[in-house]
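Please examine the fold shown below, following its helices and strands in turn.

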Amino acid sequence: MRQAVMPKPGAIDIHEVEKPVLSNDTEVLIEVKKIGVCGSDIHVYHGKHPFTPYPVIQGHEYSGEVVQVGAKVNKVKKGDKVTARPQLVCGVCGPCLRGDYNICDVLKVEGFQAPGVAQDFFILPEDRLIKLADGMSFEMGALVEPTAVAAHCTLKARDLKGKNVVVTGAGPIGNLVAQFAQIRGANVLITDLSDYRLDKAKDCGIEHVSNPKTESLAKGVDRAFGSDGFDVGFECAGVEIALDQLIQNINKGGDVVAVAVYGDKPRVDVSILGDRELSLIGTLMYKHSDYEEAVKYIESGEISTAPLITKNFPFESYLEAYKYIDKQGDETLKVIIDL
């Protein structure tokens, strides 16, 4: 079978390797169908992901079809469409024992610290699998993972119902966070330097958009929410100025949720946090329930995924897909690798 390996930043080699074989009764063999390229993957490609060694097999947002199941597997059967959480956790540390396995003390993530799914076949334990709804395409399935990020992080702030929310960064994660915030009852303004991405946000049902090149955050908030301001911010751009703007402009007592992965460490004005009693909240990945919620809302159409898909590349053109993303910059959202 084919396997794509990133031996160092900026390079991807495709090798032929042996097809994996089930080793116990609770494992499932899937044939990988679609892989989404994530912003974190691009950080790895540029050598700027803080927690990824090389060589690495990438791929953590994906869909596939079950081709073989172990004798004790009863959650899925051959022929089912599936995706899965990419988290490898210990199950015995403090966070795991209290149910917060997404921040396991020795967490490894497939595609970063453990081999990912950039290969034709992949073995998974049954407990990490998520069966996709019958009406979902494999492309929709590849977008469950980033949608689960949005499901999880929008639960980290206080109840969003009726709240005014600002999302900075209208890439795939920011777009999905904005959509999920609306599902949770929020009024949402999303910002980005790219009019292309803001137009895609509108296509996904986000009413209020703002480009910092043409208006300040304060003016955008006033236009969207009037004198009420905003109570919750989700930082999805991964740049210091976006985080700073949320902190400087949010209502006193508000919640700022840091969602993005930062290539360069941002500075935070802690004096403002204290003076205004702001809460700066971290969020990491998702739990199984977030995946289930993501599938529910994608399948129902309440989360729109089609506008997010910019271009598809065949597996043999994995490296070209990364080069395309670099060249197109903010004129892309989600690039899909077809197997």
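Which residues in helix α11 (residues 318-328) are buried? They are Tyr318, Leu319, Ala321, Tyr322, Tyr324 and Ile325, where buried means under 20% relative accessible area, exposed over 50% and partly exposed in between, with a 1.4 Å probe and protein chains only. The model is predicted, so local features need pLDDT of at least 70 and side-chain atom pairs count only at pLDDT 80 or more, while totals for chains, interfaces and linings use all residues. Residues are numbered from 1 along each chain as its sequence is written, and side-chain values use heavy atoms, with hydrogens and water left out. Helices (H or I, at least four residues) and strands (E, at least two) are DSSP runs, numbered from the N terminus.

The buried residues of α11 pack against β1 (2-5), β3 (27-37), α1 (39-45), β16 (309-314) and β17 (334-338); contact here means heavy atoms within 4.5 Å. An α-helix has 3.6 residues a turn, so residues three or four places apart point the same way. After α11 comes Gly329, with a positive phi near 60°.

Strand β17 is itself mostly covered, four of its five residues being buried. Two strands pair if DSSP finds at least two bridges between them. With β3, β17 runs antiparallel and is joined by four bridges; Gly36 has Ile336 as its bridge partner in β17. With β16, the pairing of β17 is parallel and extends over five bridges, and Phe313 stands opposite Ile337 in β17.

A further set of strands forms an open sheet. Its six members follow the order β12-β11-β10-β13-β14-β15, with parallel pairing. The edge strands, β12 (208-210) and β15 (279-282), each pair on one side only. Direction ignored, neighbouring strands of this sheet are turned by 20° against each other on average. Within the sheet, β10 (residues 164-168) and β11 (residues 187-191) run parallel and are joined by five bridges, Val167 standing opposite Ile190 in β11. Helix α6 (residues 195-203) packs on the sheet and touches β11 and β12; its direction makes about 175° with that of β12. Such angles run from 0 to 180 degrees between N-to-C directions, and axes are lines fitted to C-alpha atoms, for helices over the stretch in contact.

Ser210 lies in strand β12. Because its relative accessibility is 4%, Ser210 counts as buried. Beyond its neighbours within four places in sequence, the contacts of Ser210 include Leu189, Ile190, Leu198 and Arg223.

Leu160 is placed in the loop between α4 and β10. Its relative accessible area is 2%, and Leu160 is therefore buried. Not counting residues up to four places away in sequence, Leu160 touches several residues, among them Thr154, Val165, Val232 and Phe234. Leu160 and Asp192 are 32 residues apart in sequence and 22 Å apart in space, C-alpha to C-alpha.

Helix α4 (residues 144-153) packs with helix α10 (residues 288-300) at an angle of about 110°, their axes being 8 Å apart. The two helices α4 and α10 are therefore roughly perpendicular, a term covering 65 to 115 degrees. Their contact brings Val144, Glu145, Thr147, Ala148, Ala151 and His152 in α4 to Asp290, Tyr291, Glu293, Ala294, Val295 and Ile298 in α10. The residues of this contact between α4 and α10 comprise seven nonpolar, two polar and three charged; Ala, Val, Leu, Ile, Met, Phe, Trp, Tyr, Cys and Pro count as nonpolar, Asp, Glu, Lys and Arg as charged, and the others, Gly among them, as polar.

Terms used: Parallel < 35°, antiparallel > 145°, perpendicular 65-115°, else oblique.
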